[in-house]
Amino acid sequence: MADSIYGLMARFDSASEIFHAAEKVRDAGFKNWDCITPFPIHGLDGAMGVRRSHVPKFSLIGGLTGFTTGMSMIWFTGAFDYPLIVGGKPYFSPLFAFPIAYELTILFTAFATIAGMFILNWLPQHYHPVLKSDQITRGLDDTFYVVIEARDPKFDLARAKALLTQAGAKEISELEA
Amino acid sequence: MAHSAHTEHAAPAILAEVNPTPLPRAILVENNRSFNWVTEKICGIIEGPTPRWWWISFAVSCFIASFTVFGIVYLVSTGVGVWGHANPVNWAWDIVNFVFWIGIGHAGTLISAILCLLRQKWRTSINRAAEAMTIFAVVCAGIFPVFHVGRVWFAVWPGYLFPVPNANAIWPNFRSPLEWDVFAVSTYGTVSVLFWYIGLIPDLAVLRDRFFKTGNKVKSALYGFFAMGWRGSNRHWSNYEMAYLILAGISTPLVLSVHTIVSFDFAVSLIPGWHTTIFPPYFVAGAIFSGFGMVLTLMLPLRAIFRLEDLITQYHIDCMCKIILATGTIVGYAYGIEFFIAWYGSNPYEGFAFINRAFGHYAWAYWIMITCNVITPQFFWFKKVRENIVLVWILSIFVNVGMWFERFVIIVTSLARDFLPSSWGYYSPSAVEIFTFFGTFGVFGVLFLLFIRFLPIMPMAEIKAVMPQADPHAGHGDSKH
């Protein structure tokens, strides 16, 4: 039975309800589960036990790459490929190169941050059992859902249902895979 | 543990003794609306039939935009001589218009980035439209530096602007602020688009599902393609919020650096009236001033047409007016300090440049600038003025006009009277220049109208997140204890 479904989707009607439900599901020891919310709820990461995002690591690498690119591009063009004296100034100095290196730091950080967000979220992913459900329209509008996946080692249909009911779910439906 | 703190955590004992008065928080969405109301209201604008006024405005904007198209085609096919530039004023409307449009864009980034970092929640209902304004303003700004090189393909190859070696294998001069500007503005445009797009993803997902439900497969697929399969997962929100915060964090130094580098175009030169260290902060304040003027010019009609009074409240308008007042006063102070330093610095050329600005051939432009930029914002001290929407809208137009004249005064008066009287001149724009600039308002209008027709004009997810119902601890931690 549990093999044929993707998981359970339980409806909650307010931010405070899903917050408490998330705490209960977390404390029950589930790992493969999620909350579907129309907007980021303050503190829900803690209630779910989601760790701090790894996006900043991507940003840091992007920023360092950008800065290095800017500096080395200006060194390469002005001091290596075609050294040319302009206004009696040195061929290369980090001072005049700084504004462009600064802008490229920001540019590369932006791309890396967004790439990091997509990679960590495994997006784009246009097919997903949750998206197939009719309830997603409300889940992105004004309703909140907890989704527990069947592949979770602790998943047992009856006990998961009982847990969600006890957590105050208004309606529980099975998601087809 | 954190998860139980909100239920078990009672107010500290001291609170009972001192009995603090709870500060009323400004209500950001009036009339106690529900989440669903927000979705219906904002999606309804896109899903409803195209209003007649939209078609009329669109046709008018296209007509106006054609002036830019003809102006540019004539310029490219004939040469830069069709513009009124001549010695000594070799920079004029092209750079004036460029700085004007770039400055307008700055308010959008200020709202989306700086106010985000400062946790100014009122930004949520205006930030989407303001960011769109930024992007379209950068598009209009970009037209001028690209086309003022005349043979426009030279901007790219061989690189007058972008770092590609020319026919003699020489690279662009990276010591020049003009080259810095290329990087600053192109980074600014790119990052603004990325920031805007990231903000749009959750809202595009809402539209995808709504169009799917009503059976509009084509629109659903289009919105769905750009929504990237967003499904509101909190594990996604966690990374999304972090990415958004970092983008806000890097856009803040970006927006400050862009207008700083734009001001370096002038400040790094030796021309009297340009060669001043006050330029970077003065330009940034002016940019935010003009940008908020444009935000009000655009948002007040939208608010009236789409009946958005519950989302753009009097509080929002008050906040924007106060920012205009603050930045306008900074700009006025900068005008004063420029004169003081010109006198105090005892440089005869510098002193002459400023006396000439106020009383020379271009005095008319100078006094238009002073009236619009220094006097206009002072009206916003008065609550009665800030509550009079029509008056606020009219004053916001004055701000736009004034800031265009500021750039004109700085650029043209300084060049027209430089060191040698033998090279003095008087600049007037040619018809081609006037048409090209006039047309950019049409370009902007076309882009903005397309935006309000096809994209959610307010970030639904962000608005919902600042509504009182969004707080999972509602009713626990406030004065009810």
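1. B:Asn31 is found in the loop between helix H2 (13-18) and H3 of chain B, where helices (H or I, at least four residues) are DSSP runs numbered from the N terminus. Although B:Asn31 is not a glycine, its phi is positive, at about 65°. Most residues other than glycine have a negative phi, and most peptide bonds are trans. B:Asn31 is exposed, with 9 other C-beta atoms within 10 Å; a residue counts as buried if 20 or more other C-beta atoms lie within 10 Å of its own, as exposed if 12 or fewer do, and as partly exposed in between, with C-beta atoms placed from the backbone.

2. Please keep in mind that this is a predicted model, in which local features need pLDDT of at least 70 and side-chain atom pairs count only at pLDDT 80 or more, while totals for chains, interfaces and linings use all residues. Residues are numbered from 1 along each chain as its sequence is written, and chains are lettered from A and ligands numbered from 1 in the order in which they are written.

3. B:Met228, in the loop between H8 and H9 of chain B, also has a positive phi, of about 60°, although it is not a glycine. B:Met228 is buried, with 20 other C-beta atoms within 10 Å.

4. Two cis peptide bonds deserve a look. One joins A:Leu123 and A:Pro124, with omega about -5°, and A:Pro124 is in the loop between helix H4 (94-121) and helix H5 (129-132) of chain A. Another joins B:Asn87 and B:Pro88, with omega about 0°, and B:Pro88 lies in the loop between helix H4 (52-78) and helix H5 (93-117) of chain B.

5. In chain B, helix H7 (residues 177-213) and helix H8 (residues 217-227) pack at an angle of about 155°, with their axes 8 Å apart; axes are lines fitted to C-alpha atoms, for helices over the stretch in contact, and angles run from 0 to 180 degrees between N-to-C directions. H7(B) and H8(B) are therefore roughly antiparallel to each other, a term for angles over 145 degrees.

6. The contact between the chains takes 58 residues from chain B and 64 residues from chain A, two residues being in contact if their C-beta atoms, placed from the backbone, lie within 7 Å. On the side of chain B that touches chain A, H9(B) gives the most, with 17 residues.

Terms used
Helices (H or I, at least four residues) and strands (E, at least two) are DSSP runs, numbered from the N terminus. Angles under 35 degrees count as roughly parallel, over 145 as roughly antiparallel, 65 to 115 as roughly perpendicular and the rest as oblique.
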